[in-house]
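Subject: Structure handover

Hello,

Here is the structure for you to look over. My notes follow it.

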Amino acid sequence: MPSRREVLGAGAGLAAVVTVRPARATPERLEAAIREFAGEAAAEIRAGRVRIEVPPLVENGNAVPVTVNVESPMTATDFVRAIALFNERNPQPNVVTARLGPRAGRARIATRIRLATSQKLVALAEMSGGSVRSDSAEVVVTLAACVEG
Amino acid sequence: MARVLITVPRTARPGEVVEIRTLIQHPMETGYRPGASGELLPRGIVRRFVCTWNGEEVFRAELFPAVAANPFLSFTAVATESGTLAFTWAGDNGFAQTETRTITVAP
């Protein structure tokens, strides 16, 4: 008997036929997504140089403004290759993954995200030298983004 | 064609880091939302965004369902030379749209 997670994984196309409660991301899936992004550097992720700017309390989880800022000179030899934002409790752990380079000038991205419930956000920055730095932030959500009707 | 809002300065000095803000009208249907009949509406989101400056890529992003509807992306780019910035969004159900803006780079 396949687990709910396997049924969902079988394809979103089946979702129209089978009405199932979506599996929620768990801390384990968050860890797995972080490992997948960091690759070989996954064991040595250190906090620092990355800063998540997000309100600690949001009224509406449907459009939460988030900025991720990474300290970096963004020169040809020392720059941020990628910034990835993850969440802990939405159905999927990834939020957005940005690819940058020296042409970006600054390692700073801003977007608006959906949060299904109060949870932790994690941002990772992969540096040109191969290291990965991180930051995390807790957000309390008053009105969750609609996941189950 | 989905409506877009793009904020790019019209002029910049060489070497200046300019902030670019983009927004495109798109529901970003997550695939987790039930429709009126109770069945889940299929996922349909913008998945990729690329910005190029005279053809050279300056920023790229991969979007997931957790990005809010009418996806907003703000990033920066170094002003090297005058020319055309191209912004391309692509996603599910063959969604694809490109917009361009010109910028003058002079001291």
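Over all chains, a search of the whole structure gives 6 aromatic pairs. Rings of Phe, Tyr and Trp (its six-membered ring) pair if their centres lie within 6.5 Å; planes under 30 degrees apart are stacked, over 60 edge-to-face, the rest tilted. B:F49 and B:W89 have ring centres 5.2 Å apart and planes at 55°, so this pair is tilted. B:F49 sits in strand β4 (residues 46-53) of chain B and B:W89 in strand β7 (residues 83-91) of chain B, so the pair ties together parts 40 residues apart in sequence. B:F49 is buried, at 0% relative accessibility. B:W89 is buried too, at 1%. Buried means under 20% relative accessible area, with a 1.4 Å probe and protein chains only. Ring pairs also link B:F49, B:F59, B:F75, B:F87 and B:W89 into a cluster.

This is a predicted model: local features need pLDDT of at least 70, side-chain atom pairs need 80 or more, and totals for chains, interfaces and linings use all residues. Residues are numbered from 1 along each chain as written, chains are lettered from A and ligands numbered from 1 in written order, and side-chain values use heavy atoms, without hydrogens or water.

Now chain B as a whole. Chain B has 0 helices and 8 strands (DSSP runs: H or I of at least four residues, E of at least two, numbered from the N terminus). Of its 107 residues, 52% count as buried. The C-alpha atoms fill a box of roughly 60 × 20 × 20 Å along the principal axes.

Best regards

Methods:
Buried < 20%, exposed > 50% of the residue type's maximum accessible area, 1.4 Å probe, protein only.
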